[in-house]
Amino acid sequence: MRNLATFLADYGESHRHPVNQWVHIVCVPIIFVATLGLFWLIPVGRWLGLDGAAAYWINGGTLLALACMPFYLRLSLGVSLLMLGWLLASLWLITTVDRSALSLGWSALAVWLGAWAVQVWGHKVEGKKPSFVDDLVFLLVGPVFVSLELPYKLGLSRTPGHGKPS
(Lines give C-alpha, C1' and ligand atoms only; values in the text may rest on other atoms or scores of the structure.)
Protein backbone atom coordinates (compact mmCIF):
# COMPACT_ATOMS: atom_id res chain seq x y z
CA MET A 1 0.00 0.00 0.00
CA ARG A 2 1.17 3.51 -0.76
CA ASN A 3 2.14 5.66 2.20
CA LEU A 4 0.71 9.01 3.25
CA ALA A 5 3.43 11.07 1.56
CA THR A 6 2.87 9.25 -1.74
CA PHE A 7 -0.90 9.69 -1.57
CA LEU A 8 -0.55 13.41 -0.80
CA ALA A 9 2.02 13.96 -3.55
CA ASP A 10 -0.12 12.10 -6.09
CA TYR A 11 -3.26 13.98 -5.02
CA GLY A 12 -1.38 17.26 -5.12
CA GLU A 13 -0.45 16.73 -8.78
CA SER A 14 -3.98 17.63 -9.83
CA HIS A 15 -4.43 20.31 -7.17
CA ARG A 16 -1.70 22.88 -7.87
CA HIS A 17 -3.77 25.84 -9.02
CA PRO A 18 -4.59 28.15 -6.09
CA VAL A 19 -8.23 28.51 -7.18
CA ASN A 20 -8.66 24.75 -7.30
CA GLN A 21 -6.95 24.40 -3.93
CA TRP A 22 -9.39 26.88 -2.34
CA VAL A 23 -12.31 25.17 -4.07
CA HIS A 24 -11.23 21.91 -2.45
CA ILE A 25 -10.62 23.49 0.95
CA VAL A 26 -14.25 24.68 0.90
CA CYS A 27 -15.98 21.87 -0.99
CA VAL A 28 -14.29 18.70 0.32
CA PRO A 29 -15.65 19.18 3.87
CA ILE A 30 -19.10 19.94 2.45
CA ILE A 31 -19.01 16.80 0.31
CA PHE A 32 -17.72 14.75 3.25
CA VAL A 33 -20.58 15.80 5.53
CA ALA A 34 -23.22 15.62 2.80
CA THR A 35 -22.11 12.13 1.73
CA LEU A 36 -22.33 10.87 5.29
CA GLY A 37 -25.68 12.65 5.61
CA LEU A 38 -27.06 10.90 2.55
CA PHE A 39 -25.81 7.52 3.77
CA TRP A 40 -27.26 8.36 7.22
CA LEU A 41 -30.69 7.96 5.63
CA ILE A 42 -30.10 4.23 5.06
CA PRO A 43 -31.76 2.79 8.19
CA VAL A 44 -29.58 -0.29 8.70
CA GLY A 45 -30.41 -0.46 12.41
CA ARG A 46 -34.14 -0.58 11.71
CA TRP A 47 -33.56 -3.17 8.98
CA LEU A 48 -31.80 -5.27 11.60
CA GLY A 49 -34.82 -4.93 13.90
CA LEU A 50 -33.16 -2.57 16.36
CA ASP A 51 -35.05 0.10 18.28
CA GLY A 52 -34.26 3.45 19.86
CA ALA A 53 -30.74 4.82 19.92
CA ALA A 54 -29.24 1.72 18.33
CA ALA A 55 -31.59 2.02 15.36
CA TYR A 56 -30.80 5.72 15.05
CA TRP A 57 -27.01 5.40 15.22
CA ILE A 58 -26.58 2.24 13.17
CA ASN A 59 -27.11 3.53 9.67
CA GLY A 60 -25.37 3.76 6.33
CA GLY A 61 -23.44 6.89 7.37
CA THR A 62 -21.93 5.49 10.55
CA LEU A 63 -21.17 2.19 8.83
CA LEU A 64 -19.51 3.98 5.90
CA ALA A 65 -17.35 5.97 8.31
CA LEU A 66 -16.46 2.82 10.21
CA ALA A 67 -15.51 1.07 6.96
CA CYS A 68 -13.15 3.94 6.01
CA MET A 69 -11.30 4.14 9.32
CA PRO A 70 -8.95 1.18 8.69
CA PHE A 71 -7.61 3.01 5.62
CA TYR A 72 -6.79 6.05 7.74
CA LEU A 73 -5.30 3.90 10.50
CA ARG A 74 -2.97 2.27 7.96
CA LEU A 75 -1.77 5.75 6.93
CA SER A 76 -1.02 6.80 10.51
CA LEU A 77 -2.49 7.18 13.97
CA GLY A 78 -2.41 10.96 13.50
CA VAL A 79 -4.45 10.74 10.29
CA SER A 80 -6.90 8.42 12.06
CA LEU A 81 -7.36 10.95 14.86
CA LEU A 82 -7.73 13.78 12.34
CA MET A 83 -10.43 11.89 10.48
CA LEU A 84 -12.12 10.92 13.73
CA GLY A 85 -12.38 14.66 14.37
CA TRP A 86 -13.90 15.13 10.90
CA LEU A 87 -16.35 12.33 11.65
CA LEU A 88 -17.42 13.71 15.03
CA ALA A 89 -17.94 17.21 13.59
CA SER A 90 -19.89 15.70 10.69
CA LEU A 91 -22.08 13.62 13.00
CA TRP A 92 -22.84 16.70 15.09
CA LEU A 93 -23.91 18.63 11.97
CA ILE A 94 -25.89 15.71 10.55
CA THR A 95 -27.80 15.10 13.79
CA THR A 96 -28.42 18.83 14.18
CA VAL A 97 -29.99 19.02 10.73
CA ASP A 98 -31.80 15.70 11.19
CA ARG A 99 -33.40 16.93 14.42
CA SER A 100 -34.34 20.32 12.94
CA ALA A 101 -37.20 21.32 10.68
CA LEU A 102 -34.91 20.90 7.65
CA SER A 103 -35.00 17.77 5.56
CA LEU A 104 -31.66 15.98 5.98
CA GLY A 105 -32.10 14.22 2.65
CA TRP A 106 -32.87 17.29 0.58
CA SER A 107 -30.33 19.46 2.40
CA ALA A 108 -27.55 16.91 2.00
CA LEU A 109 -28.42 16.28 -1.65
CA ALA A 110 -28.53 19.98 -2.53
CA VAL A 111 -25.18 20.83 -0.94
CA TRP A 112 -23.60 17.61 -2.26
CA LEU A 113 -24.62 18.41 -5.84
CA GLY A 114 -23.61 22.06 -5.50
CA ALA A 115 -20.21 21.26 -4.01
CA TRP A 116 -19.49 18.67 -6.70
CA ALA A 117 -20.42 21.17 -9.41
CA VAL A 118 -17.95 23.66 -7.95
CA GLN A 119 -15.29 20.92 -7.69
CA VAL A 120 -15.76 20.12 -11.40
CA TRP A 121 -15.31 23.81 -12.17
CA GLY A 122 -12.17 23.88 -10.02
CA HIS A 123 -10.68 21.05 -12.04
CA LYS A 124 -11.60 22.86 -15.23
CA VAL A 125 -9.60 25.84 -13.92
CA GLU A 126 -6.80 23.45 -12.96
CA GLY A 127 -6.81 21.83 -16.39
CA LYS A 128 -6.51 18.35 -14.87
CA LYS A 129 -9.02 15.63 -14.10
CA PRO A 130 -9.81 14.77 -10.48
CA SER A 131 -7.48 12.21 -8.89
CA PHE A 132 -10.34 9.85 -8.03
CA VAL A 133 -11.07 9.28 -11.72
CA ASP A 134 -8.02 7.01 -11.82
CA ASP A 135 -8.28 5.66 -8.25
CA LEU A 136 -11.34 5.95 -5.99
CA VAL A 137 -9.15 5.84 -2.88
CA PHE A 138 -8.39 9.51 -3.54
CA LEU A 139 -11.92 10.28 -2.33
CA LEU A 140 -10.54 9.33 1.09
CA VAL A 141 -7.30 11.28 0.61
CA GLY A 142 -9.03 14.60 -0.18
CA PRO A 143 -10.03 15.39 3.43
CA VAL A 144 -6.47 14.72 4.64
CA PHE A 145 -5.05 16.91 1.86
CA VAL A 146 -7.29 19.88 2.66
CA SER A 147 -6.62 19.46 6.39
CA LEU A 148 -2.94 20.02 5.64
CA GLU A 149 -3.41 22.59 2.87
CA LEU A 150 -5.61 25.00 4.86
CA PRO A 151 -3.06 25.76 7.60
CA TYR A 152 -0.43 26.29 4.87
CA LYS A 153 -2.70 28.72 3.00
CA LEU A 154 -3.35 30.60 6.24
CA GLY A 155 0.39 30.84 6.99
CA LEU A 156 0.16 28.50 9.99
CA SER A 157 2.29 25.75 8.43
CA ARG A 158 5.40 25.67 6.25
CA THR A 159 4.32 22.45 4.51
CA PRO A 160 1.45 22.45 1.98
CA GLY A 161 -0.93 19.51 1.78
CA HIS A 162 0.84 18.09 -1.24
CA GLY A 163 4.18 18.02 0.52
CA LYS A 164 5.93 20.30 -1.97
CA PRO A 165 6.19 24.10 -2.04
CA SER A 166 3.49 25.76 -4.11
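## The Arg16–Glu13 pair

Arginine 16 and glutamate 13 pair up in a salt bridge, with 2.9 Å between their closest N and O atoms. This is a predicted model, by the way. Both partners sit in the middle class for accessibility: arginine 16 is partly exposed at a relative accessible area of 28%, and glutamate 13 is partly exposed at 35%.

## Two other salt bridges

The count of salt bridges comes to three. One of them joins aspartate 135 to arginine 2, at 2.4 Å from N to O. That pair ties together distant parts of the chain, 133 residues apart: aspartate 135 lies in the loop between α7 and α8 (138–153), while arginine 2 belongs to the segment before α1 (4–12). Aspartate 135 is partly exposed, with 25% relative accessible area, and arginine 2 is partly exposed too, with 33%.

Lysine 129 and aspartate 134 make another salt bridge, their closest N and O atoms being 3.0 Å apart. Here lysine 129 is partly exposed at 46% relative accessibility, whereas aspartate 134 counts as exposed at 58%.

## Glu126, buried without a partner

Now for a charge without a bridge. Glutamate 126 sits in helix α7 (residues 104–126). This residue is buried but has no salt bridge, and the nearest side chain of opposite charge, lysine 128, is 4.9 Å away.

What does the side chain of glutamate 126 reach at 3.0 Å? The backbone nitrogen of arginine 16. A polar contact of 3.1 Å also links the side chains of glutamate 126 and asparagine 20. Leaving out residues up to four places away in sequence, glutamate 126 touches Glu13, Ser14, His15, Arg16, His17 and Asn20, a list that includes both members of the Arg16–Glu13 salt bridge.

Methods. Residues numbered from 1 in each chain as written. Predicted model: local features only at pLDDT ≥ 70, side-chain atom pairs only at ≥ 80, totals over all residues. Heavy atoms only, no water. Helix = DSSP H or I, 4+ residues; strand = E, 2+ residues; numbered from the N terminus. Buried < 20%, exposed > 50% of the residue type's maximum accessible area, 1.4 Å probe, protein only. Lys, Arg positive; Asp, Glu negative; His and termini not counted. Salt bridge = Lys/Arg side-chain N within 4 Å of Asp/Glu carboxyl O. Polar contact = N/O pair within 3.5 Å; in protein donor to acceptor, adjacent residues only side chain to side chain. Contact = heavy atoms within 4.5 Å.
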